[in-house]
Amino acid sequence: MTTPVRVAMLGCGFIGEFHTLGLRYVRDAQLVAGCDASQERREAFAARFGCRAIASLEELCADPEVDLVIVSVPNHLHRDAVMALAAAGKGVACTKPLGRNADEAADMLRAVTDAGVFNAYLENVIFNPDVLRMRAMVEAGSIGRLTTARAREGHSGPHAPHFWNADLAGGGALLDMASHGAEYARFLFGKDVAVTDVFAWGATLVHGGRTTGEDNALMVMRFEDGRTATIDVSWSSKGGLEGRFEAYGDAGRLITDISVGSLKAFVERPAGYVVEKADVETGWLFPVPDEVRVHGHDLMMANVIEAYRDGRAPQETFRDGYIVNGVLDAAYRSMRSGHWEPVTLDAALLGSPA
Ligand SMILES: NC(=O)c1ccc[n+]([C@@H]2O[C@H](COP(=O)([O-])OP(=O)(O)OC[C@H]3O[C@@H](n4cnc5c(N)ncnc54)[C@H](O)[C@@H]3O)[C@@H](O)[C@H]2O)c1
């Protein structure tokens, strides 16, 4: 019998719950602890999922019964958490964005590389079943030569204060949401095709009273062979989470909207949770039956745990997170300069071109 991978959740908030539920059907995962600075949150988490509650990162690092820590705390805590966990010899899986910028992500990549610990970058969108199928169809040549990819991601604004503090979070809607689109584009084009430069626009159109960060943004990623991907994100889009992903080739196109399923409901009385950031509880609704699966967390967690168990790298590593941060840094430079900006990454750290 295989020894289970003993997993701890660092951060028992919104994404900590998704990550935990993503472990539900993963045979070789054993959730052993939830660590959160909030006593209320960690105790509620421990009671709900039947695991131990841990109060601090220091205790988590020293815990001999933890193999792999899933970093699900706010952006500004990712770097220091990973540095401490790597130094303690723990495997780490970190939510997006890996760092607040490429410098932080580089520190994190160096730390896990030097310590020789398992590392996974938790980008869920590319584990959505439609997106996986799109990639397989592109690879099979069904749409001919892929010419461009598009992503539109939006909602009406984040649920927690740390996102709204742009200095603390490291950015606004672009960093928060285009991190998904950037990796989606790399996934479709192939990770061996480097993103060379980026053109971007961003503005605070709606939430100026709440944030100094951009609440709407556009980003064009240009690959080394001249092909492009366009990522369009918003924190002021009403009516529930938007997640539309498209791919165009010279022999066809592929389009999915992962934020709606086939269920349509008209209700006059609220029935509780509808869908992420639904904005309304009555009227015409489009509830998604299982967001954990639809958002890709089931397959992502299976990929991470199986890789850890088998002693190999998962599909997405810190190297990918570092590249995404590099793309987003170039986008922020472009927002300020009004020009295309090159993606500048440390080639030695990357180890091979991308
Ligand atoms: N993959 C996705 O689609 C996705 C979606 C949402 C959030 N995220 C990412 O997840 C991260 C957290 O976002 P969230 O929405 O879960 O936020 P959240 O505010 O809902 O949860 C964060 C949790 O971290 C805890 N925390 C704060 N400081 C801590 C500390 N020092 N030690 C331990 N716990 C601490 C908080 O008490 C809270 O429970 C962010 O980096 C965000 O970008 C990813």
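Predicted model: local features only at pLDDT ≥ 70, side-chain atom pairs only at ≥ 80, totals over all residues.

User: Why is Ser-237 called buried?

Analyst: The term requires 20 or more other C-beta atoms within 10 Å of a residue's own. Ser-237 has 21 other C-beta atoms within 10 Å, so Ser-237 is buried. Ser-237 lies in the loop between β10 (228–234) and β11.

User: Which residues is Ser-237 in contact with, leaving aside its neighbours within four places in sequence?

Analyst: They are Gly-154, His-155, Ser-156 and Glu-242. A contact means C-beta atoms within 7 Å, placed from the backbone, and each of these four residues is in contact with Ser-237. As for Phe-266, 29 residues separate it from Ser-237 in sequence, and the C-alpha to C-alpha distance is 21 Å.

User: What makes β12 and β15 edge strands?

Analyst: The sheet is open and has seven strands in the order β12-β11-β7-β10-β9-β8-β15, with mixed pairing. An edge strand pairs on one side only, and this holds for β12 (252–257) and for β15 (341–342).

User: How do you know that β8 and β15 pair?

Analyst: Pairing needs at least two bridges between the strands. Strand β8 (residues 195–203) and β15 have two bridges, so they pair, in the antiparallel sense. Val-198 stands opposite Glu-341 in β15.

User: Which strands does helix α6 touch?

Analyst: Helix α6 (residues 129–139) packs on the sheet and touches β7 (146–154), β11 (242–249) and β12. The directions of α6 and β12 make an angle of about 170°.

User: What does the largest nonpolar core consist of?

Analyst: The core has 104 residues, and those with the most contacts inside it are Ala-8, Leu-10 and Val-327. Helix α9 (residues 173–189) gives the most, with eleven residues. Not counting residues up to four places away in sequence, Val-327 touches Ala-182, Val-195, Val-198, Met-221 and Val-343.

User: Which domains does this core draw on?

Analyst: At least three residues come from each of domain 1 (5–124 + 298–316) and domain 2 (126–289 + 325–348). The centres of the two domains, taken over C-alpha atoms, are 24 Å apart.

User: How many residues of each domain are in contact with the other?

Analyst: In domain 1 there are 19 residues in contact with 18 residues of domain 2. Helices α5 (102–115) and α11 (297–310) each supply at least two residues of the domain 1 side. By class, that side has nine nonpolar, seven polar and three charged residues.

Conventions: Residues numbered from 1 in each chain as written. Domains from an automatic or database assignment. Contact = placed C-beta atoms within 7 Å. Helix = DSSP H or I, 4+ residues; strand = E, 2+ residues; numbered from the N terminus. Nonpolar A, V, L, I, M, F, W, Y, C, P; charged D, E, K, R; others polar. Axes fitted to C-alpha atoms, helices over the stretch in contact; angles between N-to-C directions. Buried ≥ 20, exposed ≤ 12 C-beta atoms within 10 Å, placed from the backbone. Core = buried A, V, L, I, M, F, W, Y, C linked by C-beta atoms within 7 Å.
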